[in-house]
Amino acid sequence: MGEMIRVRHLKKYFDTPAGKLHAVDDVNFTINEGETLGVVGESGCGKSTLGRVLIRLLDPTDGEVLYKGQDISKSTRKESRDLRRDMQIIFQDPFSSLNPRMTVSQLIGDPLKAYRIYKTKNERTERTLELMDTVGLARRFADSYPHELDGGRRQRIGIARALSLNPRFIVCDEPVSALDVSIQAQVLNLLQDLQEAQGLTYMFITHDLSVVKHISNDILVMYTGTMVEKCSSDDLFELPLHPYTKGLLSAIPIPSLEQKRTRVVMRGEISSPIEPKPGCRFMPRCPYATEICRTQFPQYEEILPNHFVSCHNVREINKL
């Protein structure tokens, strides 16, 4: 399949009293049509900001976002509105992202009304009910309000709303983190079924590595706004190369009393993303840090085929 999204040197900085906060700093990647890119990292690493910049909910500070070859990072307000039909987002919190004064049918049908896709109210209502069927939300909830439903059903409203305009690309911003484990599995399976049926392309943002392995083709690991590693899902779990990635993977719980895993403990303080100092941002927590790590930011390079890492000492650490 062809390339759908290409991101080049994307940056997003925020002004603070202490200086510029580098939320997203020089990020580069591609997403092929019909595939899923997982984005993982600790809270505050810039995952959600990256997703919002990608679909122009936030304007980038610098860099390019190419959608099917078109640079949308500098699109006008009208162009952005037209793009919204192709690019949607599922928010993390299935409660705060929904208007509590609107019913389920109103929430799902609101984009249809805003874009005037159907001429009559009956046509819009029928499409809304079809979307409820698509996401497995019983029609009897059409006149219910969000507070009357559980978290799983509320998240299905968000998914149906994102699907209402027939998008091609969806940013899934931690869509299952607020749900129980059993409901998480239902929502993940639903997203995969929709991807297969409609050929959707996802960016799946999460801090749960066990979840991202289940759904992603490629995985991008972020740390304080920067990329540290990117490769296929299988390669990341079989052969992680960056010390930070190794630490994240070692923290995944194992559902067995007999099987054990060597725990990689990351000590030290997280470096500040506000006016960051020169050098590797993981350096204060890295057990392999050397003098060059303090003074030079590591290049993002292909260490193995389609396996990219940003680390000065990656070859010595992994004996490559």
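This is a predicted model: local features need pLDDT of at least 70, side-chain atom pairs count only at pLDDT 80 or more; totals for chains, interfaces and linings use all residues.
Which helices each supply at least two residues of the lining of the second largest pocket? Residues are numbered from 1 along each chain as its sequence is written, and side-chain values use heavy atoms, with hydrogens and water left out.

Okay, back to the question. It's α3 and α4 (121–134), each giving at least two residues to that lining. When I say helix or strand, I mean a DSSP run, H or I of at least four residues for helices and E of at least two for strands, numbered from the N terminus. And a pocket, on a 1 Å grid over the protein atoms alone, is an open set of points where a 1.4 Å probe fits, with protein on both sides within 12 Å along at least five of seven lines; lining residues have an atom within 4 Å of a point.

The second largest pocket has a volume of about 250 Å³. Volume here is the space filled by probe spheres set on the points, with grid points joined across faces, edges and corners. Among the residues lining this pocket are Met 102, Asp 110, Lys 113, Lys 121, Arg 124 and Leu 129. Sorted by class, that lining has three nonpolar, five polar and four charged residues. For the classes, Ala, Val, Leu, Ile, Met, Phe, Trp, Tyr, Cys and Pro count as nonpolar, Asp, Glu, Lys and Arg as charged, and the others, Gly among them, as polar.

Now the largest pocket, at about 370 Å³. It has 19 lining residues, and Arg 84, Gln 88, Phe 91, Pro 111 and Arg 161 are the ones nearest its centre. Here the classes come out as twelve nonpolar, four polar and three charged. β6 (87–90), α3 (104–114) and α5 (151–163) each put at least two residues into this lining.

Next up, the inside. Nonpolar side chains in soluble globular proteins tend to be buried together. A nonpolar core, for us, is a set of buried Ala, Val, Leu, Ile, Met, Phe, Trp, Tyr and Cys residues joined through side-chain atoms within 4.5 Å. Buried means under 20% relative accessible area, exposed over 50%, and partly exposed in between, using a 1.4 Å probe and protein chains only.

The largest nonpolar core has 33 residues, and Met 132, Ile 157, Ile 159, Leu 163 and Leu 191 have the most contacts inside it. Elements supplying at least two residues each to this core include α4, α5, α6 (181–198) and β8 (201–205). There's also a second, separate core of 28 residues, with Leu 10, Phe 29, Val 171 and Ile 205 among them. If you click on Leu 163, leaving aside residues up to four places away in sequence, you'll find it touching Arg 127, Leu 131, Ile 170 and Leu 194, among others. A contact is heavy atoms within 4.5 Å.

On to the strands. Why do we call β3 (residues 36–40) largely enclosed by the rest of the structure? Because five of its five residues are buried. Thr 36, Gly 38 and Val 40 point one way, Leu 37 and Val 39 the other. Strands pair if DSSP finds at least two bridges between them. β3 pairs with β8 in the parallel sense over four bridges, with Leu 37 opposite Met 203. β3 also runs parallel to β9, again through four bridges, and there Gly 38 has Ile 219 as its bridge partner.

On to β12 (residues 307–310): two bridges join it to β10, antiparallel, and Lys 230 is partnered with Phe 308.

One last stop: backbone angles. Most residues other than glycine have a negative phi. Arg 56 isn't a glycine, yet it has a positive phi of about 65°. You'll find Arg 56 in the loop between α1 (47–54) and β4 (62–67), and at 15% relative accessibility it counts as buried. Lys 319 has a positive phi as well, near 55°. Lys 319 is in the segment after α11, but this one is exposed, with a relative accessible area of 74%.
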